[in-house]
Amino acid sequence: MKKRAFLKLPESILAVIIVISSLMLGFSSGGFIINVKTLGFSCLSAIQQGISYATGGVTSVFTSVRDIARLQQEYNALTEKLKDYEYLRRNNAEIRKENERLREQLGLSQSIVYRNISSQIIGRDADNIYSGITIDKGAMSGIRKNMPVIAIQNGSVGIVGKVVTVGLVTSIVMPVYDSSCNISARIQNTRDQGLVSGNGSMDSPLSLNYIRKRVFEQIHFGDIVVTSGENGNYMKDIPIGTISKINVLDYDSSLEIELEPIIDFSRLEMVFVVDQSAQNEAGIPQTVKVNQEGEQQ
């Protein structure tokens, strides 16, 4: 009966007994202790490795943030330096252009055989479509009424107009495009004489009148029209404009000719007021002579 009862023990109790027996056997042999140490070492190693990975990741994040901040600062500094460089580059370009203009003006000033007064434009008469130009020199600088005014642009000398009003330190110049301005002129190639008149606006062409029809075949677009030098108002052979249009009118014995002014008045900044009464010591005739190097002849 007892043997039969032992066989009827629950399977769970039997399993517990087997586990306990195995543990006791392991402790008695020492092998189980070694396994526990190995297992503990493995667990600690895994934990340490995980902590190391986590710490390294956090450190990497902070390092990346710091590097990004440093790179942003360097980028901002380089951007400011680039702005400064661009500013200096533009200033240098402006200075070079200004020096070129000044050399050009100086060359013209030295090439004129009369006393001339360099002047800056300081105002334009907006009420009269810019037909009055105010310059920064007046009677105290030796300027007088009716003195001719010339300028140089892109290496070309041209007539600007003449002085009509003189103050102590400023003067007003009537430009060639003023409707009241009339200049005795010649076509440079044919030497035919006419009269150049303004049409009241810098955007309008000049008119060349009294050129006979019979010379129609001898003149061409682009021909230069210069001052004749008669009546003592302007020096001789100073360019006024170039022929841009020629009309033949049946009812008129003269051609209707339009000129493009030599001077671009919208970009005009500096002018020269010329005193024709003050010639050089050699008594050179009243004209402006410039050789190929831009020096006085």
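A salt bridge is a side-chain nitrogen of Lys or Arg within 4 Å of a carboxyl oxygen of Asp or Glu. The structure holds six of these salt bridges. This is a predicted model, in which local features need pLDDT of at least 70 and side-chain atom pairs count only at pLDDT 80 or more, while totals for chains, interfaces and linings use all residues. Residues are numbered from 1 along each chain as its sequence is written, and side-chain values use heavy atoms, with hydrogens and water left out.

Start with a salt bridge inside a helix. R70 pairs with E74, and the closest N and O atoms are 3.2 Å apart. Both residues lie in helix α3 (residues 31–111). They are four residues apart, about one turn of the helix. Helices (H or I, at least four residues) and strands (E, at least two) are DSSP runs, numbered from the N terminus. R70 is partly exposed, at 40% relative accessible area. E74 is partly exposed too, at 39%. The cut-offs are these: buried means under 20% relative accessible area, exposed means over 50%, and partly exposed is in between (1.4 Å probe, protein chains only).

Now turn to the strands. R186 forms a salt bridge with E230, with 3.3 Å between the closest N and O atoms. R186 lies in strand β6, and E230 sits in the loop between β9 (224–227) and β10 (239–248), so the pair ties together parts that are 44 residues apart in sequence. E230 counts as partly exposed, at 33% relative accessibility.

D192 and R212 form another salt bridge, their closest N and O atoms being 3.0 Å apart. D192 belongs to the loop between β6 and β7 (193–197), while R212 is in strand β8, so this pair ties together parts that are 20 residues apart in sequence. D192 is buried, with a relative accessible area of 11%. R212 is partly exposed, at 39%.

Next come the aromatic rings. The structure holds one aromatic pair. Y177 and F265 make up this pair, edge-to-face, with 4.8 Å from centre to centre and 85 degrees between the planes. Y177 lies in the loop between β5 and β6 (182–187), and F265 in the loop between β11 (254–261) and β12 (270–279), so the pair ties together parts that are 88 residues apart in sequence. Both Y177 and F265 are buried. Rings of Phe, Tyr and Trp (its six-membered ring) pair if their centres lie within 6.5 Å; planes under 30 degrees apart count as stacked, over 60 as edge-to-face and the rest as tilted.

Two backbone angles deserve a look. N146 has a positive phi of about 75 degrees, although it is not a glycine. N146 lies in the loop between β2 (133–135) and β3 (148–153). It is partly exposed, at 43% relative accessible area. Y210 is not a glycine either, and has a positive phi of about 70 degrees. Y210 is found in strand β8 (residues 206–212). At 57% relative accessibility, Y210 counts as exposed.

Finish at the surface. M140, L168 and V169 form a nonpolar patch there, with about 350 Å² of accessible area together. Patches are made of residues with over 30% relative accessible area and no salt bridge; like charges are joined within 9 Å, and nonpolar side chains (Val, Leu, Ile, Met, Phe, Trp, Tyr) within 5 Å. Accessible areas come from the Shrake-Rupley method with a 1.4 Å probe; for residues, only the protein chains shown count as cover. L168 is placed in the loop between β4 (156–166) and β5 (171–175). L168 is exposed, at 62% relative accessible area.
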